[in-house]
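Hi,

Here is the structure I promised to pass on. Have a look at it first, and then read my notes below.

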Amino acid sequence: MSARQSVVTFYYHLLSQPSRALKIFLDHNQIKYIPKEVQLAQGEHLQPEFEAINPFKKVPCISHDGFVLTESVAILRYLCREFIVADHWYPKDSLLQARVDEFIEWQHIELRAPLAMYFRTKFLMPKITGKPPNQATVDKMYKLMVVGCDKVENIWLKDKPYLCGNNISIADILGACEIEQPRMSGYDPTEGRPKLKEWMNRVKTDLDPHYADAHTYLNAIAKKSSGESVGLSKL
Ligand SMILES: N[C@@H](CCC(=O)N[C@@H](CS)C(=O)NCC(=O)O)C(=O)O
């Protein structure tokens, strides 16, 4: 267990993919934390009080015994060092750890960027601004999103049950939370991708009830015809 005495203070919002990944990891590993939901729709993250905590004005971030850390990947690695968690989450073995790092580095640009941008341009910004989406941008993001999801199906999951080998790791939590995001804008990456679908089910089974809990709000939006009739008061 951590040498530090205080519990983690966790700033998050559940429509944020990396926030969900962190919440699932904290809950699953029974790491005590004080939850601080940051109301993005109300611009709470832009207020001086939050800026004083995270100058980047984004979620997630944590504060642990006065040590503030941003960036979900850095936070997950920190938690794996500071708390007693099973080795498979971020293996100490150099080669196994390198495989986890390989996915985490890859996913920022090739998975997270297009999936998040598709969600943002097709669903989120029209909701916020009341203006129709820029179709050319939506189409561009759609194509990149399909390429990213195909790479998960055909390369990352080609011959192994989890993204980085035979065991679940922080890569799987981060990856699964990204894959969930475009469902809110009407695109389900598991359709037509059997390996990805099986892997998502495997990850959910491993992490429930915490996985389902973190995705309650997202599932409600995804269910209602791409969220058209769901308000974003909690965003
Ligand atoms: N690379 C960061 C991404 C953080 C990020 O982009 N957070 C988004 C939500 S997913 C946010 O807070 N956006 C608010 C804004 O940009 O105004 C991480 O992985 O933690």
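The buried residues of helix 6 (170–180) are Ile170, Ala171, Asp172, Ile173, Leu174, Gly175, Ala176, Cys177, Glu178, Ile179 and Glu180. That is 11 of its 11 residues, so to speak a mostly covered helix, where buried means under 20% relative accessible area with a 1.4 Å probe and protein chains only. Helices here are DSSP runs of H or I with at least four residues, strands are E runs of at least two, and both are numbered from the N terminus.

Before going on, a word on where this comes from. It's a predicted model, in which local features need pLDDT of at least 70 and side-chain atom pairs count only at pLDDT 80 or more, while totals for chains, interfaces and linings use all residues. Residues are numbered from 1 along each chain as its sequence is written, and side-chain values use heavy atoms, leaving out hydrogens and water.

Helix 6 also turns up in the largest pocket: along with helix 1 (17–28) and helix 4 (94–129), it gives two or more residues to the lining. A pocket is an open set of points on a 1 Å grid over the protein atoms alone, where a 1.4 Å probe fits, with protein on both sides within 12 Å along at least five of seven lines; lining residues have an atom within 4 Å of a point. This one holds about 930 Å³ of space, the volume being what probe spheres set on the points fill, with points joined across faces, edges and corners. Of its 34 lining residues, Leu40, Lys58, Val59, Arg112 and Arg120 lie nearest the centre. Helix 4 gives the most, with 11 residues. Both domain 1 (8–87) and domain 2 (89–226) supply at least three residues to the lining, with bounds from an automatic or database domain assignment.

Now for the strands. Strand 3 (residues 61–64) has Cys61 and Ser63 pointing one way and Ile62 and His64 the other, and all are buried. Strand 3 pairs in the antiparallel sense with strand 1 (residues 8–12) over four bridges, and pairing takes at least two bridges found by DSSP. Thr9 has Ser63 as its bridge partner. Strand 4 (residues 67–70) also pairs with strand 3 in the antiparallel sense, over four bridges, and there Ile62 is partnered by Leu69. Strands 3 and 4 form a hairpin with two residues between them, and Asp65 in the turn has a positive phi of about 55°.

Cheers

Notes:
Buried < 20%, exposed > 50% of the residue type's maximum accessible area, 1.4 Å probe, protein only.
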